Amino acid sequence: MPSLSAAPPLAAAYVVLIVYASLYPFAGWVDMGVPPLAFMLEKWPRYWLWSDLIFNVLGYMPLGLLMGVWLQRSGRRGSWVVLAITLAASLLSLTMETLQNYLPQRVSSNVDWGLNTLGALVGAAVADILRRRGWLVWWSGFRGRWFDPDARGVLALMVVWPAALLFPAAVPFGVGQVFERLSLTLGDWVQDTVYADWFPLTRMDLEPLPRLTQAIAVGLGLLLPVLLGYSIVRPWWQRLALLPLVLVAGLGVLALSSALSYGPVHAGVWLTDTTGVGLVLGLLLALGLHLAIVNQAPTSPYLAETLQVWERGQFIHFHGLAQWVGWLWPYAALAYALSRLAARGGR
């Protein structure tokens, strides 16, 4: 069975990210009476920053790279692939810039459109270079030796997992807390309606977690991606090698998140004695279970009502996108795990 590339789901997720970042806050839509494409004829802006130019290029490079890897591995090769990817990404950017005409808090820019297009071109060209140098073939061989042929869903989830940790939370490695926010949202929707009595508890008064419970939550949060990864690798030594990779990625992202939020001096503010106990617990659980995990093990991480995060901050990281990823990642993983089990059950 040939391996299916993880690039398509990652590219789709990245398109969602672009749309979110381009159209946030999705409110205040108004027709300002300006021709939709008038911004295309504007001159170079009087005030600009190098950082803005660089980020507009870098923002679309991953999309071009992912789409390029996808098409190259599908057997579609040549300069026309790079051109097609560039045109598709350019059309996406043009659509986003045009829609920004109707958002008072956003500004349409032909410079942004041009730089986004350049970024996609560079990403697609890099994918073509990787193919020409044989690195995509090498990756296919490496993946075939390490992972199941149908591993692309798990690989995509594991790539997204660090992003789910970016938004600071009271419990390190904690993702998936949606119940309080969901309750408040439902309360707002049904307020002053006949359904108001259906949701009497619109706010959950959450008590501080005992330290042991916090440690357990940290350990389970670390164990989730480990078990997910174990479901697509077989030999015990590969599972053993996967564990430190997950740990390093998770610790690195938590340190980065704290450094961006509170300053570089506080990069380790989340590493308390309780967190340390949780990390050790997660490592011990992973090491103790890695030989006994079978293909159905991806369900275990998603008995995750024990994994609760109490976060009361505002949408401040990447317009709240990191928080959304943190909320939704375990549920996406759950949906994938269930579909994987259903497919295996059918076979």
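Which residue follows helix 2, and is its phi positive or negative? Helix 2 is followed by glycine 75, and the phi of glycine 75 is positive, near 95 degrees. Helices here are DSSP runs (H or I, at least four residues), as strands are (E, at least two), numbered from the N terminus.

The model is predicted, so local features need pLDDT of at least 70 and side-chain atom pairs count only at pLDDT 80 or more, while totals for chains, interfaces and linings use all residues. Residues are numbered from 1 along each chain as its sequence is written, and side-chain values use heavy atoms, with hydrogens and water left out.

Helix 2 has 24 residues and reaches 35 Å from its first C-alpha to its last, close to the 34 Å expected at 1.5 Å a residue. The expected span is 1.5 Å times one less than the number of residues in the helix. The buried residues of helix 2 include Leu53, Asn56, Val57, Tyr60, Leu63 and Gly64. Here buried means under 20% relative accessible area, exposed means over 50%, and partly exposed is in between (1.4 Å probe, protein chains only). The buried residues of helix 2 pack against helix 1, helix 3, helix 4 and helix 5 (135-146).

Tryptophan 50 lies in helix 2 (residues 50-73) and is exposed, with a relative accessible area of 61%. Trp50, Ile54, Phe55 and Leu58 make a nonpolar surface patch of about 480 Å². Patches are made of residues with over 30% relative accessible area and no salt bridge, with nonpolar side chains (Val, Leu, Ile, Met, Phe, Trp, Tyr) joined within 5 Å and like charges within 9 Å. The areas come from the Shrake-Rupley method with a 1.4 Å probe, and for residues only the protein chains shown count as cover. Glycine 59, also in helix 2, is partly exposed at a relative accessible area of 24%.

Leaving aside neighbours within four places in sequence, tyrosine 60 is in contact (heavy atoms within 4.5 Å) with Ile18, Ala89, Leu92, Ser93, Met96, Asn116, Gly119 and Ala120. Of these, serine 93 is found in helix 3 (residues 79-99) and counts as buried at 1% relative accessibility. The 17 residues of helix 1 should span 24 Å at 1.5 Å a residue, and its end C-alpha atoms are 24 Å apart, which agrees.

Tyr60 is also among the residues with the most contacts inside the largest nonpolar core, together with Leu63, Phe173 and Trp329; this core has 58 residues. Helix 1 (7-23), helix 2, helix 3, helix 4 (110-132), helix 6 (152-164), helix 8 (211-230), helix 9 (236-262) and helix 11 (321-346) each supply at least two residues of the core. Helix 8 gives the most, with nine residues. A nonpolar core is a set of buried Ala, Val, Leu, Ile, Met, Phe, Trp, Tyr and Cys residues joined through side-chain atoms within 4.5 Å. Alanine 337, in helix 11, counts as buried at 1% relative accessibility. Alanine 337 and valine 154 are 183 residues apart in sequence but 8.4 Å apart in space, C-alpha to C-alpha.

The charged side chains come last. A salt bridge is a side-chain nitrogen of Lys or Arg within 4 Å of a carboxyl oxygen of Asp or Glu, and by this rule the count comes to three. Asp128, Arg131 and Arg132 are linked in a network. Arginine 131 pairs with aspartate 128, the closest N and O atoms being 3.2 Å apart; because the two are three residues apart in helix 4, they are separated by about one helical turn. Arginine 132 also meets aspartate 128, at 2.6 Å, N to O. Arginine 132 is exposed, with a relative accessible area of 54%, whereas aspartate 128 is buried at 8%.

Aspartate 273 forms a salt bridge with arginine 211, the closest N and O atoms being 2.3 Å apart. This pair links distant parts of the chain, with aspartate 273 in helix 10 (residues 273-289) and arginine 211 in helix 8, 62 residues apart. Arginine 211 counts as exposed, at 51% relative accessibility.
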